[in-house]
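The questions below go through a few local features of one model. Each answer ends on the value or name asked for.

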Amino acid sequence: MTQHLQRRLTPRHITFMALGMAIGAGLFLGSADAIKLAGPSVLFAYLFGGVMIFIIMRALGEMTVRDPVAGSFGVYAQRYLGPFAGFVTGWNYWLLMVGVGMAEATAVGAYMHEWFPDWPRWIWVLGSVVMIGGLNLLTVKIYGEMEFWFTLVKVLTVLAMIAGGLAIIFLGWGNGGQPTGLSNLWSNGGWFPHGVLGMVLALPVVVFSFGGVETVGIAAGEAAQPERTIPRAVNSVLWRILIFYVGALFVIMAIYPWTGLGEHGSPFVTTFAKLGIPQAAGLINFVVITAALSGFNCTTFSGSRMLYSLACKGQAPAALSVVNEQGVPVRAILVTLAVLLLAVLLNYLLPAKVFGMMMSILSFNTVWTWTMVLLAHYSFRRQLRARGEAPAGFRLRWWPLSGIVCLAFLGFVVVMLGVSPDTRVALYIGASWVALLAITYRLFDVRTSMQAVERG
């Protein structure tokens, strides 16, 4: 047995991990909900939300390039904000990854149900847990390869839809040779049919579409060339959002009046059908299953590495810090998978409610993680300044203003969570979870102190 992870993730793996986590079910299916709230102004919401996420990723990337460790922001929170912040951030993120993993496995069951309606959903959920768990128990390089191919399917689908959509808009393909033009973007109530408030209400939906991009920081501990791959992956965040969110939705809303998109399921299905592809629904169903498996793959990886990091810091059972000869933290993976099996039970008991329930509850955890990244980075920069050291070449620009603006934005998202009755439960459960972690930390701290006294 060895006690170290191995750096086997290549630049290609890291880049596609960052790309894959930004393209998920939120784009293929959830975008319809955001369009309903904001109309064409959803493009501005995605662009503004993307800029905020880019700031968070630059802050995380600056710390990661300087010190690429498996626990990433959990380690940075402890180092720059104190042990309690590190403890809560690490366990909070592990819960977030487990919860998102449950939601993604549930999504697989729901999408497979479209093809096999007579089969219970929990069977597909169990199958996804076994398959993804098995992949993660192999070498990290195999994990990276699977994520590469999962992501490639999603990327090619979105690019094909954008190319086909542009052909409809400017060449009239699938529209009797008559170009549709761009007038649908402003002909149905203008750019802001529900006013600026509609765009504001869409922001929480938009922001959580980007959840998971911070996985790049977790992967840095096993990256072969973190000083080169992390900046490349982080810098690609903004253009990914421009192409895959703003670009795709721009094309869709130019082809169809936004008022009717939600009535036809995924906007991607509607667009491919117009291009003369009768199997559009089946094609997108396959792609969304791939997207869900990709998300499940990443959350299992990230959750197990955070658990491993907590164990290495003495904030989880020491047995979870053991890795095998291939550098895989098998025990941390198995514990994470054991908890993920709860998704099978939930899908057996509440098959129609699990996905929405999990995603609404986990909103708070996402905001907490991003807030800790920004606060840790602020303290990191202040410590550099106090020591008279200059920031590295890869750094967050316009600090501290950029970080402060982004923190204010996250605070606004929390307020919006409380405004909507559908998401308010996330604040209640999130606050209760943090309180439970605080009590656990206090008990753990007291027990550790008593053991030290006894040994003395």
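This is a predicted model: local features need pLDDT of at least 70, side-chain atom pairs count only at pLDDT 80 or more; totals for chains, interfaces and linings use all residues.

Q: Which residue follows helix 8, and what is its phi?
A: Helix 8 covers residues 140-171. The residue that follows helix 8 has a positive phi, near 85 degrees, and is G172.

Q: Is L166 buried, partly exposed or exposed?
A: Under 20% relative accessible area is buried, over 50% is exposed, and in between is partly exposed (1.4 Å probe, protein chains only). L166, in helix 8, has a relative accessible area of 35%, so L166 is partly exposed.

Q: Which residues does L166 touch, not counting those up to four places away in sequence?
A: Contact means heavy atoms within 4.5 Å. With residues up to four places away in sequence left out, L166 touches L171 and V251.

Q: How is the aromatic pair of F148 and W149 arranged?
A: Rings of Phe, Tyr and Trp (its six-membered ring) pair if their centres lie within 6.5 Å; planes under 30 degrees apart are stacked, over 60 edge-to-face, and the rest tilted. The count by this rule is 16 aromatic pairs. For F148 and W149, the centres are 5.0 Å apart and the planes are at 80 degrees, which is edge-to-face.

Q: Is T369 buried or exposed?
A: T369 is found in helix 17 (residues 363-386). Among the residues that T369 touches are F73, Y93 and E214. Its relative accessible area is 1%, so T369 is buried.

Q: Which helices each supply at least two residues of the lining of the largest cavity?
A: On a 1 Å grid over the protein atoms alone, a cavity is a set of points where a 1.4 Å probe fits but cannot get out, and lining residues have an atom within 4 Å of a point. The lining includes L374, H377, W399 and L407. The helices that each supply at least two lining residues are helix 17 and helix 18 (401-419).

Definitions and conventions. Residues are numbered from 1 along each chain as its sequence is written. Side-chain values use heavy atoms; hydrogens and water are left out. Helices (H or I, at least four residues) and strands (E, at least two) are DSSP runs, numbered from the N terminus. On a 1 Å grid over the protein atoms alone, a cavity is a set of points where a 1.4 Å probe fits but cannot get out, and a pocket is an open set with protein on both sides within 12 Å along at least five of seven lines; lining residues have an atom within 4 Å of a point.
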